[in-house]
Amino acid sequence: MKDLILLNCEQGSEEWRNARLGIPTASQFNRIVTSTGKPSGQSQGYLAELLAEHATHIAQDSYKSADMERGNELEDQARARYELTTGNDVVEVGGVYLDEHRTVMASPDGLIPALKRGLEIKCPLMKTHIQYCWAGTLPTAYVLQVQGNMWVSGYKTWDFVSFCPEYTPQPILIVTVQRDEKLIKIMDQSIRAFSKTLEAHKAALEAA
């Protein structure tokens, strides 16, 4: 198990936002490669977006929807409920870098070092949460983010959490996800190649 290269700051802080500028992050890995392992049609647009961030030092997509705001407001409550339900002690970090180059990063919603496990928290509207509970599996929309967190951290398991306090029959859903080594191998190749191309564009921009 590799040693984690951590960004020690509060998520959402100015330091955290600046650290993410111009580099691929796990929440956007699906814009590089799909959950089936195929190249994403969004990769060129994402490449241009990250290069623009590097050039301007300004986030190109800072919009927050009402659903995103809800998630931010409920995340601490969800994390506390997870700890109470599982007995796992969660450590909060700003981020985890893939390697010493610090050109790829993930921002887990928590780490459980004793178990070598991480945490991905979503706080959807009730109608979505109910569907997640019925399915009882990791939603396809978050496969790349969860597997990407495991790729970056080197951890072998990740808990996906859906939390909706308004849905009293089952306010929290916890799905433990195992590493998909086949997908992670594809991600390692695809995202490293994407990052290498991005860094070359940055160097050309700075040399101009």
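How many aromatic pairs does the count come to by this rule? I got five aromatic pairs, taking rings of Phe, Tyr and Trp (its six-membered ring) as paired if their centres lie within 6.5 Å.

**Ground rules.** I'm working on a predicted model, where local features need pLDDT of at least 70, side-chain atom pairs count only at pLDDT 80 or more, and totals for chains, interfaces and linings use all residues. Residues are numbered from 1 along each chain as its sequence is written, and side-chain values use heavy atoms, with hydrogens and water left out.

**Rings.** A pair of aromatic rings is described by the distance of the centres and the angle of the planes. I noted the labels too: planes under 30 degrees apart are stacked, over 60 edge-to-face, and the rest tilted.

I looked up Tyr 132 and Phe 160, and this aromatic pair is edge-to-face, with 6.0 Å centre to centre and 75° between the planes. Tyr 132 sits in helix α4 (residues 126–135) and Phe 160 in strand β6 (residues 157–163), so the pair links distant parts of the chain, 28 residues apart. Helices (H or I, at least four residues) and strands (E, at least two) are DSSP runs, numbered from the N terminus.

Next came Tyr 142 and Phe 160: this pair is stacked because the centres are 5.8 Å apart and the planes at 25°. Tyr 142 is in the loop between α4 and α5 (143–153), so its pairing with Phe 160 in strand β6 ties together parts 18 residues apart in sequence. I jotted down that ring pairs link Tyr 132, Tyr 142 and Phe 160 into a cluster.

Is Phe 160 buried or exposed? It is buried, at a relative accessible area of 0%; buried means under 20%, exposed over 50%, partly exposed in between (1.4 Å probe, protein chains only). Tyr 132 is buried as well.

**Cysteines.** I searched the whole structure for disulfides (cysteine sulfur atoms within 2.5 Å of each other) and found zero.

**Second largest pocket.** I logged about 160 Å³ of space here. A pocket is an open set of points on a 1 Å grid over the protein atoms alone, where a 1.4 Å probe fits, with protein on both sides within 12 Å along at least five of seven lines; lining residues have an atom within 4 Å of a point. Among the lining residues I found Asn 18, His 54, Arg 102 and Lys 202.

Terms used: Points joined across faces, edges and corners; volume = space filled by probe spheres on them.
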